[in-house]
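Colleague: Please take a close look at one helix packing in this model, and then place it in its surroundings. Give the cut-offs as you go.

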Amino acid sequence: MTNAMHGRHKLAFTVLAWIVAVLVFFPILWTVLTSFKTEGAAVAIPPKFLFFDWTTENYAEVWQRTDYLRHFGNSVLISLGSCLIGLCAAIPAAWAMAFSPTRHTRFVLLWMLSTKMLPAVGVLVPIYLLFKRSGLLDSRTGLVLVLMLSNLPIMVWMLFTYFKEIPRDILEAARMDGATPGRELLHILAPMALPGIASTLLLNVILAWNESFWTLNLTAADTALLTAFIAAFLAPEGLFYAKLSAASTLAIAPIVVLGWLSQRQLVRGLTFGAVK
Amino acid sequence: MASIRNRATAQLALSPAVILLLVWMAIPLAMTLWYSFHDYQLLMPRGNAFVGFENYVYFLTDPAFLQSIGNTFVLVGSVLVITVAGGIGLALLLDQPLYGQGIVRVLIVSPFFVMPTVSALVWKNMFMNPVKGLFAWLAQVFGVAAVDWLAQVPLLSLTLIVAWGWLPFATLILLTSLQSLDTEQKEAAAMDGAGAVARFVHITLPHLARAVTVVILIQTIFLLSLFAEIFVTTNGGPGTQSTNLAYLVYSQALLRFDVGSASAGGVVAVILANILAIFLMRLVGRNLEV
């Protein structure tokens, strides 16, 4: 094949790929564009694509009239909190299974995976009632607990696949030199495990941020996360597209950006290491 | 090599996660099971008598149940077909040398990170609204009658919304798998005179089979408990036309306050998911090196 032909192929594929990519991305693009329109321009027919009076009034209004900041704070607090607490249990577990496997390790790993496959509706009723009785309904503590537990298997699995890749020889050598498990963890394992831990945290924050079964069912006004805040938006504000778009943009922007950074980890984390 | 002390430490390190998950799984499941055999109405506490399989009979003979099972399968199945076929196509495209490949990739994966309530609201109002939505405008441009998407074809609309969110996931996983394909093998086949189609069928597809299986199984797990999209767009309606199993259990429990039959539904959902889980566990377990 000649270079010119290569170039033409590349150009053709590029055009096709960009068309498809813009189509797939279009709903997000449209939401962002609409958020900068006036309400009138937002529902204009034919639709206005780029030539309209750009305004930021929707953002100002969403900011003032709803407790956006409180819901945003709830989302940050609960997704980050549940992941950090989850890591405290997941790191030692993954470490133990990666470095001191026993004949039960395989079973434990698969069993943990199976808990993730338990459909949430199977335990909705008891969790709801338990939470109601213990005052955890509509509380941050309750949600942190539930999200931590529902993501724990993914955390353990992701960490396990990362820890497996740390060369064992180094650990053996350290053990021969008489390093205690504590020192082993701090000086040898930690520096090599940190990238894996960071990836795990990143992906699980994204999952927790977007989780919408428990957040819709277990919260009311007080602790509503952005997921529930947006869902509630539809009653009084659903007809105001520009404001709806502004609120939506605010809700998804931080996590979409985080998501861009975590594409690789996503594959690994969500396939339980089956595809790398 | 591992000394007894090391082993003990390892068991200790493992135990918090195991105990947490055991409690999280065992207690609520046991409660669901217990409720499912009792007459338990949240609003009318009347002794919670043991009723045997009555709740199951009630739940399973409810016409909404059969419909919800059907809807669940239609939703899961059609989303799977769209995302797997589309994902293979997109992965093949992204695997080509492109100008601005990084940006194309970022654009295509983005929908996966949009929270379900937002995507459902945006699609419902700004695209599928029969008067003000973009689809209505497109229909007008092409001179066909506007469709009230969520009222007339609720399942199709939901499929579209959900597939949009999961297409990036399938694409990303299939692309990752595609990039691990040995290029030498493809080049050798090309040298032997195999055409593009033959190479795709005999080399690329078999290589992708594993990733496709993983995509199908993982998406099935998430799609079986599809909830937020239905909650935001159709509330399971019109009637029960777009009620899936998860939504039916939710409405029994938190809208009709019938804990007993909701629990029976929960048990049915668990059994259904377990059947599928067995397949996934086999697949993941097979290449698990411990």
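Modeller: α12(A) passes α5(B) in a left-handed crossing; a crossing is called left-handed if the near helix is turned anticlockwise from the far one by less than a right angle, and right-handed if clockwise. This is a predicted model, in which local features need pLDDT of at least 70 and side-chain atom pairs count only at pLDDT 80 or more, while totals for chains, interfaces and linings use all residues. Residues are numbered from 1 along each chain as its sequence is written, and chains are lettered from A and ligands numbered from 1 in the order in which they are written.

The two helices, residues 241-261 of chain A and residues 116-127 of chain B, pack at about 160° with their axes 10 Å apart. Helices here are DSSP runs (H or I, at least four residues; strands are E, at least two), numbered from the N terminus. Axes are lines fitted to C-alpha atoms, for helices over the stretch in contact, and angles run from 0 to 180 degrees between N-to-C directions. α12(A) and α5(B) are therefore roughly antiparallel (over 145 degrees; under 35 is roughly parallel, 65 to 115 roughly perpendicular, the rest oblique).

From α12(A), the contact takes A:Tyr241, A:Leu244, A:Ser248, A:Ala251 and A:Ile252, and from α5(B) it takes B:Val118, B:Leu121, B:Val122, B:Asn125 and B:Met126. Contact means C-beta atoms, placed from the backbone, within 7 Å. By class, this contact has eight nonpolar, two polar and no charged residues. Nonpolar covers Ala, Val, Leu, Ile, Met, Phe, Trp, Tyr, Cys and Pro; charged covers Asp, Glu, Lys and Arg; the others, Gly among them, are polar.

As for the chains as a whole, 85 residues of chain A are in contact with 86 residues of chain B. Helix α1 of chain A, residues 3-34, gives the most to chain A's side, with 16 residues. That side has 65 nonpolar, 17 polar and three charged residues.

Within chain A, helix α5 (residues 105-116) packs with helix α7 (residues 140-164) at about 140°, axes 8 Å apart. That makes α5(A) oblique to α7(A).

Notes. Contact = placed C-beta atoms within 7 Å.
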